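User: I would like to learn how to read a few features of a protein model. Could you walk me through them?

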Amino acid sequence: MQKTRLIGSALAMAILPMAMSSAWAQEAPKLTAEEMEKGKQIYFERCAGCHGVLRKGATGKNLEPHWTKTAPDGTKLEGGTLKLGTDRLEKIIAYGTEGGMVNYDDILTKEEINLMARYIQNEPPIPPEFSLKDMKDSWKLIVPVKDRPTKQMNKVNLKNVFAITLRDAGKLALVDGDTHKIWKILDTGYAVHISRLSASGRYVYTVGRDGLTTIIDMFYEEPTTVATVRLGSDARSVDTSKFKGYEDKYLIGGTYWPPQYSIMDGETLEPIKVVSTRGQTVDGEYHPEPRVASIVASLQKPEWVVNVKETGMVLLVDYSDIKNLKTTTIESAKFLHDGGWDASGRYFMVAANASNKVAAVDTKTGKLAALVDTAKIPHPGRGANFVHPEFGPVWATGHLGDAVVSLISTASDDPKFAKYKDHNWKVVQELKMPGAGNLFVKTHPKSKNFWADAPMNPEREIAEAVFVFDKADLKKEPVRLDVAKDSGLPESKAIRRAVQPEYNEAGDEVWISLWGGKTDQSAIVIYDDKTLKVKKVITDPAVVTPTGKFNVYNTMHDVY
Ligand code: DHE
């Protein structure tokens with residue numbers, strides 16, 4: 001079986017097309033209580049993100065026992081005779097599939113792979129719900145607002161600080177972007193997914209995969225966690241209230257489990273409201289686990305854009321009256337994942353990855369502006385905006401499943417772009433990448449370059465590199481920068497993925513995470529955006545599994 005490392009991982013990628021006429025009643029392999037606990041933990045850390053807690057499938061395929069249990073010999077499945085069960089599942093977990101399942105043979109031990117192959121043939125355990133009361137019980141106000149500094153107590157240029165996720169360490173590094181020195185490493189939730197900034201630029205908010213949300217105050221001499229709260233048991237996103245008059249008043253967090261969003265006080269994290277996202281999909285089916293994917297604060301109105309993965313519904317949640325909450329529900333496509341603003345800040349562009357589409361949500365009218373067909377499995381991160389020499393303003397997304405970056409023409413009220421109107425909401429150009437497996441793209445208004453990574457590509461020379469396009473001549477092949485080599489670290493057996501380009505405030509440096517294993521030395525490699533030469537490599541031993549990086553200024557102002 002060929003090894004693949006494409007994310008959007010899907011254990012049953014190989015299984016789903018072979019629909020069976022009926023489930024069979026075979027016994028699932030027995031697990032000891034200890035094995036069950038370990039299986040639960042590994043499933044949460046490695047599998048739930050794609051396959052769902054209830055294993056109904058999303059980015060990854062359905063993994064309920066009727067798919068995973070051993071089929072009786074000779075059972076006819078659509079597409080041929082197939083025997084599922086432990087042996088076959090072990091192979092899929094170890095080597096991945098061409099359909100997009102990640103190979104785990106260098107992440108899990110043989111015993112763990114065997115355990116997971118048996119574990120997923122058993123019924124999924126359903127984790128407990130998490131109520132507003134549970135949230136309130138978990139809330140820790142470490143420093144009340146009145147006891148916090150009233151002015152900045154340090155000399156750091158806060159606008160150029162980078163918040164960097166140290167994924168497997170369950171920590172966040174705040175790095176001074178001017179000096180390239182680690183300012184402080186703080187404990188957070190496990191595998192913080194994103195960091196967002198308060199409207200003031202003073203507070204960093206993070207949410208761990210385990211739902212632990214923290215607010216870090218950068219006004220102290222050293223950054224200090226001033227409050228924490230748990231949102232549930234599996235989470236990916238937070239954002240603040242950014243609209244004029246509501247700056248830093250509220251924070252919203254979305255959870256994968258339970259499927260809901262929670263509203264908190266923006267400065268203390270005191271829980272205020274929890275709203276379930278369970279309901280009907282765009283196809284008219286009830287879904288018990290519609291997880292909250294990306295969330296952003298609208299710049300047009302006091303609203304958050306909340307993207308619900310499994311239902312394909314985009315919610316515009318009006319936070320002007322939390323007691324009498326009004327929500328606009330916009331139908332788009334499945335499964336909603338990540339996205340970013342177009343250059344005008346009016347349209348939110350969100351990937352519906354299983355539909356190979358990007359939904360453009362008009363946050364001014366509260367309507368869907370368009371569903372744009374893209375290549376396979378769009379994965380934009382926040383995407384990237386620039387003015388194309390031929391087609392005017394475009395927003396870009398890379399793809400996990402195709403070797404292209406799609407440039408989508410976006411609408412603009414600026415009369416100088418009126419001539420591009422006919423192109424709006426169409427893919428106007430596809431930039432050729434050396435392979436699939438892209439996760440993030442990035443550019444900056446002051447830069448002539450456009451950066452794309454490909455960390456989920458199975459080939460080392462692609463996954464360990466980033467690719468830089470010249471925005472003035474997009475037909476030219478991109479320059480390949482070998483981040484692993486440029487890091488100066490000794491070669492390693494396992495692939496170290498080069499992931500998520502992020503600009504500094506000035507737009508003249510690009511920071512890349514070189515994401516190694518938990519016990520490997522990883523690095524942050526900083527390039528000069530003009531010369532494409534390495535400027536600095538951060539290889540402090542504390543830099544464990546770095547992934548997402550969020551420059552304060554660029555995150556506050558949605559510069560990408
Ligand atoms: Fe992410 C963004 C979910 C795997 C690093 N990721 C997002 C967002 C969602 C999401 C919903 C958008 C948040 C927002 O903007 O509000 N990610 C998921 C998953 O469900 C998935 C596929 C599996 C999982 O179990 O989590 C997944 N993501 C990963 C990774 O494996 C990455 C590479 C490393 C890691 O830290 O786990 C990863 N995701 C990121 C990063 C962003 C992100 C760095 C923000 C990018 C940006 O520039 O905004």
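Analyst: Happy to! Keep in mind that this is a predicted model. Let's start with Trp67, which is buried, with a relative accessible area of 10%. The cut-off for that word is under 20%.

User: Where is Trp67 found?

Analyst: Trp67 belongs to helix H2, residues 65–68.

User: With which side chain does the side chain of Trp67 make a polar contact?

Analyst: With that of His66, at 3.1 Å.

User: Thanks! Now a strand: how many residues of E27 are buried?

Analyst: For a strand, check each residue, then each face. In E27 (residues 404–409), 6 of the 6 residues are buried, so the strand is largely enclosed by the rest of the structure. On one side you find Val404, Ser406 and Ile408, on the other Val405, Leu407 and Ser409, and all of these are buried, which leaves both faces covered.

User: Which strands are joined to E27 by bridges?

Analyst: Read the bridges and the direction of each pair. Strand E26 (residues 392–399) is joined to E27 by 4 bridges, and the two run antiparallel. These two strands form a hairpin, with 4 residues between them. For a landmark in that pair, find Trp395, opposite Ile408 of E27. Strand E28 (residues 427–432) also runs antiparallel to E27, with 5 bridges joining them. There, Ser406 stands opposite Glu430 in E28.

User: And the ligand? Which residues come nearest to it?

Analyst: Begin with the shell, then go to single atoms. The ligand has 25 residues around it, of which His193, Arg209, Ser237, Tyr256 and Arg382 come nearest. By class, that shell has 10 nonpolar, 8 polar and 7 charged residues.

User: Which polar atoms lie close enough to an oxygen atom of the ligand to count as contacts, with a cut-off of 3.5 Å?

Analyst: Here are some to inspect. Arg196 has a polar side-chain atom 2.8 Å from a ligand oxygen, and Gln500 has one at 3.0 Å from an oxygen atom of the ligand. Gly49 takes part through its backbone, where a polar atom is 3.5 Å from a ligand oxygen. Several elements give two or more residues to the shell, among them helix H1 (33–51), strand E7 (194–197) and strand E37 (546–551).

Methods:
Residues numbered from 1 in each chain as written. Predicted model: local features only at pLDDT ≥ 70, side-chain atom pairs only at ≥ 80, totals over all residues. Heavy atoms only, no water. Near = heavy atom within 4 Å. Polar contact = N/O pair within 3.5 Å; in protein donor to acceptor, adjacent residues only side chain to side chain. Nonpolar A, V, L, I, M, F, W, Y, C, P; charged D, E, K, R; others polar. Buried < 20%, exposed > 50% of the residue type's maximum accessible area, 1.4 Å probe, protein only. Pairing = 2+ DSSP bridges.
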